[in-house]
Amino acid sequence: MGNLKVQLGELSLSNPVMTASGTFGYGEEYADFIDINALGGIVVKGTTLHAREGNAYPRMAETPKGMLNAVGLQNKGVDGFINDIYPRIKNFKTNILVNVSGSTVEEYVETAEKINELDAIPGIELNISCPNVKEGGMAFGTSCPSAIAVTNAVRKVYKKHLMVKLSPNVTDITEIAKGVEGSGADSVSLINTLLGMAIDVNSRKPVLSTITGGLSGPCVKPVALRMVWQVSQAVNVPVVGMGGIASAEDAIEFLLAGASAIQIGTANFIDPTITIKVINGIREYLERNQMDDVKQLTGALITG
Amino acid sequence: MKHITDFTIITNQRETDEFVVLTLQHPGELPSMVPGQFAEVRVDGAENAFLRRPLSIHDVDYSNNTIKLLIQEVGEGTRVLAKLKSGDQLNLVYPLGTGYSLPKSNRVLLVGGGCGVAPLLFLGRHFVENGIRPKFLIGGRTAATLIRLDAYEQLGDVYVTTEDGSAGHKGFVIHHPIMKTETPEFDHIYTCGPDAMMKVLAKYAGSRGITCQVSLENHMACGFGACLCCVTPTVDGHKCTCVDGPVFDSKYLKWEI
């Protein structure tokens, strides 16, 4: 049977399938459907220094082969996570990464420092790419100097695996990727959602309360795949690919484009068991192609 | 416990131009469900219906392990569901959400508007099984939009309003004579339907010391608390309609009424 284990720096994953922040809650929401411990890792909901109520309803619009969201980082704040949620999930036997966001560099740093103390959290995913908050978030990830500044500052205080989640809403994603790699990122994950909008022609109003929101789902996959391919050629740290993955074939495309692991997001809403199906599908692909290690797929794209 | 299960369509009964009732066979013993809970239904074969569709559990028959879903054709997803035939499979994630809670007295009024009548049949049956005879107040635009009145009549007293007066009392549900009596004949209102209707009922209940449980229909992506898209403002801040609701005590909601 083919080996599914992968390494992201010091982080060992039993398989390359993780879940994307904001689509998997804290894992508990899916525990009736699947064995959470069978996953390579989960990235829990975006966490900020202070509790946030998020944006007003409506926050979601269904679009062709995808959806827009404008949740706006609703969360209980890092202390709420540590006191209320962490005790409930710390015994999951998978890699639990916390997605960390903030409005200022100081907020990112303080949140990361607190999470650094949690034994059962082997890494964070630094969210410099949320399109749905007025301050911070994507503002950090769309300018190279600010992406470097926030990664540098968090790197100084955060001792475990530092994954940085990149925004696709930029002219050249490889410049940002190289910038955060140079600032001490252990891996990069991409893509966060693409900025989009939807209009109700009957009311002539935007569907979302925030007018614009983040697009996800199969409709973004070709863009995400292209960016993963570009970034994997530009940096040496592992790349975690995501964007519209809804099958094992989709996941394998991202691996071939250069990803070492993948995250599944929006597809969890339609099939809460999709992660397990993708893991099994990757295993079957290896067997069918007489390959003995999933790592052989990473960057194995044949060109020319 | 939430389940993900393929049901088999037994019958697709057309009720009106807009509405059908699907009867679904569960492959084994049905899990226990609470009236007001819902299912997230996967729509296969629709070009533009990407997400599952949240639909109230309309009725449950534990002895035959069947459930009913009331479908109103409003978009591509529901149009595809309304075309399902006997023998077709339908994938459900269920039972989801927090349903209605039982009353402290036996005097209950169940108020439905439009497709909001869907959960009230299962709720009414639940009351009858607990020795409570419910009153139903059902509102529609016209006589042709009233659905399955006979099924509700088997469980309790049914009062009707239509906007054009083509059936029952002319007007909205709040205009029905049973809402006009000085001392109401009920202590609890259970309602599902348009927000405007439910807000009027919440105001009515609030001013008379009556409890009012309302069922919201906010747009959802997941249906089980993972995406945080379907929130509604409450006295405790944003709460997910899919997990903390869809049924809420109207006083818990931050409604401008």
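Domain bounds here come from an automatic or database domain assignment. For chain B, that assignment gives domain 1 (3-96) and domain 2 (108-252). The model is a predicted one, so to speak of local features takes pLDDT of at least 70 and side-chain atom pairs count only at pLDDT 80 or more, while totals for chains, interfaces and linings use all residues. Residues are numbered from 1 along each chain as its sequence is written, chains are lettered from A in the order in which they are written, and side-chain values use heavy atoms, with hydrogens and water left out.

The centres of the two domains of chain B, taken over C-alpha atoms, are 21 Å apart. In contact (heavy atoms within 4.5 Å) are 24 residues of domain 1 and 25 residues of domain 2. About 2000 Å² is buried between them, 66% of it from carbon and sulfur atoms; buried area is the accessible area (1.4 Å probe) that two parts lose on being put together, summed over both. Of what domain 1 buries against domain 2, Pro35(B), His58(B) and Asp59(B) supply 26%, more than any other three residues.

Arg148(B) and Glu15(B) are joined by a salt bridge, at 3.9 Å from N to O. On the side of domain 1 that touches domain 2, there are 14 nonpolar, 5 polar and 5 charged residues, with Ala, Val, Leu, Ile, Met, Phe, Trp, Tyr, Cys and Pro counted as nonpolar, Asp, Glu, Lys and Arg as charged, and the others, Gly among them, as polar.

Conventions: A salt bridge is a side-chain nitrogen of Lys or Arg within 4 Å of a carboxyl oxygen of Asp or Glu.
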